[in-house]
Amino acid sequence: MLLPSRTAVLNQMYDQREFDVKKIMAELKPQYGHEKQFNEKLYLEHLMALEANGLVELTNYCLDEQGELLMSYTITEEGRTTVEKYIDKTYRLV
């Protein structure tokens, strides 16, 4: 059984690493890559929704080699608390 994708994004960030949408998708691809909803637009929406709820924060932004905006996020203390409270330890990466 898999976590809902937005929850999986937050869970993936639990260990405080900085992620952009491409890094998140690369790490989640083995579990979620077969899903129709596994696309950059939706996963960027996941990150932005988590940011709007105070669970992650924007830490950096720049242009990648193709000139596309790349935004990097890290989990907040509230996000860590949320993972600890709502995600069973069997799903946690750390």
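This is a predicted model: local features need pLDDT of at least 70, side-chain atom pairs count only at pLDDT 80 or more; totals for chains, interfaces and linings use all residues.

Trainee: Which residue stands opposite Leu69 of E3?

Mentor: Across from Leu69 in E3 is Leu63.

Trainee: Which residue in the hairpin of E2 and E3 takes a positive phi?

Mentor: Look between the two strands, where the hairpin has five residues. A positive phi near 80° belongs to Gly67.

Trainee: What is the order of the strands in the open sheet?

Mentor: The sheet has three strands with antiparallel pairing. E1 (19-20) and E2 (56-63) stand at the edges with a single partner strand each, so one side of each has no neighbour in the sheet. The order is therefore E1-E3-E2.

Trainee: Which residue of E3 is the bridge partner of Phe19?

Mentor: E1 and E3 (residues 69-75) run antiparallel and are joined by two bridges. For Phe19, the bridge partner in E3 is Tyr73.

Trainee: How many residues of E3 are buried?

Mentor: E3 is mostly covered. Of its seven residues, the number buried is five.

Trainee: Is Thr76 buried or exposed?

Mentor: Thr76 sits in the loop between E3 and helix H4 (77-86). Beyond its neighbours within four places in sequence, Thr76 is in contact with Gly54, Leu55, Val56 and Glu57. Its relative accessible area is 14%, and the cut-off for burial is under 20%, so Thr76 is buried.

Trainee: Why is helix H1 described as largely enclosed by the rest of the structure?

Mentor: H1 covers residues 5-12. Its buried residues are Ser5, Ala8, Val9, Leu10, Asn11 and Gln12, and what covers them includes E1, helix H2 (21-32), helix H3 (40-52), E2, E3 and H4. H1 is largely enclosed because the buried share of its eight residues is six.

Trainee: Which element gives the most residues to the largest nonpolar core?

Mentor: That core has 22 residues, and those touching the most other members are Val9, Leu10, Met13, Ile24, Leu28, Tyr32 and Tyr43. H1, H2, H3 and E3 each supply at least two residues. The element giving the most, with five residues, is H2.

Trainee: Which residues is Leu10 in contact with, leaving aside its neighbours within four places in sequence?

Mentor: Leu10 is one of the buried residues of H1. With those sequence neighbours set aside, its contacts are Leu50, Leu55, Val56, Ile75, Gly79, Thr82 and Val83.

Trainee: What is the arrangement of the rings of Phe38 and Tyr43?

Mentor: A search of the whole structure finds one aromatic pair, and both Phe38 and Tyr43 are buried. Their ring centres are 5.2 Å apart. The planes stand at 70°, and the cut-off is over 60, so the pair is edge-to-face.

Note on methods. Residues are numbered from 1 along each chain as its sequence is written. Side-chain values use heavy atoms; hydrogens and water are left out. Two strands pair if DSSP finds at least two bridges between them. Helices (H or I, at least four residues) and strands (E, at least two) are DSSP runs, numbered from the N terminus. Buried means under 20% relative accessible area, exposed over 50%, partly exposed in between (1.4 Å probe, protein chains only). Contact means heavy atoms within 4.5 Å. A nonpolar core is a set of buried Ala, Val, Leu, Ile, Met, Phe, Trp, Tyr and Cys residues joined through side-chain atoms within 4.5 Å. Rings of Phe, Tyr and Trp (its six-membered ring) pair if their centres lie within 6.5 Å; planes under 30 degrees apart count as stacked, over 60 as edge-to-face and the rest as tilted.
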